[in-house]
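Please look over the sequence and the structure first, and then follow the text from one element to the next.

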Amino acid sequence: MDVLGWAVAAGSSLLTAVLYPFILHRLKKMDDKRDQAHEDRKKEKAQELAQIHANSEGIKLMLKYMLERYHAEYMTQGFITPDQRRSYSDIYEAYVGLHGNGEGTKMKEEIMNLQIRTDMHPVNPFITLLKKSADSQE
């Protein structure tokens, strides 16, 4: 029995000596794969955040353009309807929600000071200018 115990002990020591480096190598590879996957996810997340930021900036610029365009239209019109006022406020709130600067605030104050008219239908001043231009060319 003593020889058998010695053989088992020697065999397990040999097996441990052979398998231990292999197991360590496999664990290291697993750690490396996990670390690489983590880095890949971080890069993807950074790219997604950059894309979201770019989209937000683009939308903010479009909203600013809309504020400027409607401001010009309503100031030329000389009055504002309740629907126009509500629409302008909605656009302004979206613009501010995207951290738009104070330019929109000044325009909104001017728009909110216009007389509210329910008895008149708004006329697009740009169409009026086009008609005047066409009439003058005839």
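As a general point, an α-helix has 3.6 residues a turn, so residues three or four places apart point the same way.

The structure is a predicted model, and a search of the whole of it finds 11 salt bridges. Another of them joins Arg34 to Asp31, where the closest N and O atoms lie 3.1 Å apart. Arg34 and Asp31 are 3 residues apart in helix 1, and so they too are separated by about one helical turn. Asp31 has a relative accessible area of 35%, and therefore counts as partly exposed. Asp31 and Arg34 also belong, together with Asp35, to a network of linked salt bridges.

Arg69 and Glu73 form a further salt bridge, with 2.3 Å between the closest N and O atoms. Arg69 is partly exposed at a relative accessible area of 25%, whereas Glu73, at 8% relative accessibility, counts as buried, because the limit for a buried residue is under 20%.

| Salt bridge | Distance between closest N and O atoms |
|---|---|
| Arg34 and Asp31 | 3.1 Å |
| Arg69 and Glu73 | 2.3 Å |

## A nonpolar patch

Helix 1 covers residues 2-77, and Ile23 is one of the residues that lie in it. Ile23 has a relative accessibility of 45% and so counts as partly exposed. Together with Tyr20, Phe22, Leu24, Leu27 and Met30, Ile23 makes a nonpolar surface patch of about 630 Å².

## Helix 2 and the residue that follows

How far apart are the end C-alpha atoms of helix 2? They are 22 Å apart, which agrees with the 22 Å that 16 residues should span at 1.5 Å a residue. The buried residues of helix 2 are Gln84, Tyr88, Ser89, Ile91, Tyr92 and Tyr95. Seen down the helix axis, these buried residues fall within an arc of 165°, so they line one face of helix 2. The face turned away from that buried side carries the exposed residues Asp83, Asp90 and Gly97.

Val96 also lies in helix 2, and with a relative accessible area of 34% this residue is partly exposed. Between Val96 and Asp119 there are 31 Å in space, C-alpha to C-alpha, for a separation of 23 residues in sequence.

Just after helix 2, His99 takes a positive phi of about 65°, a positive value in a residue other than glycine. His99 is placed in the loop between helix 2 and helix 3, and its relative accessible area of 68% means that it is exposed.

In helix 3 the buried residues include Gly104, Met107, Lys108, Ile111 and Met112. These residues cover an arc of only 135° around the axis, which puts them on the same side of helix 3.

The loop between helix 3 (103-112) and helix 4 contains Thr118. Is Thr118 buried or exposed? Thr118 is exposed, with a relative accessible area of 68%.

## Confidence in the prediction

The protein averages a pLDDT of 85, and 93% of the residues score at least 70. Confidence is highest in helix 2 (residues 82-97), at a mean of 94, and lowest in helix 4 (residues 125-137), at a mean of 75.

Key: Residues numbered from 1 in each chain as written. Predicted model: local features only at pLDDT ≥ 70, side-chain atom pairs only at ≥ 80, totals over all residues. Heavy atoms only, no water. pLDDT = per-residue confidence, 0-100. Helix = DSSP H or I, 4+ residues; strand = E, 2+ residues; numbered from the N terminus. Patch = residues over 30% accessible without salt bridge, like charges linked within 9 Å, V, L, I, M, F, W, Y side chains within 5 Å. Areas by Shrake-Rupley, 256 points an atom, 1.4 Å probe, with all protein chains shown as cover. Salt bridge = Lys/Arg side-chain N within 4 Å of Asp/Glu carboxyl O. Buried < 20%, exposed > 50% of the residue type's maximum accessible area, 1.4 Å probe, protein only. Expected span 1.5 Å × (residues − 1). Arc of directions from axis to C-beta.
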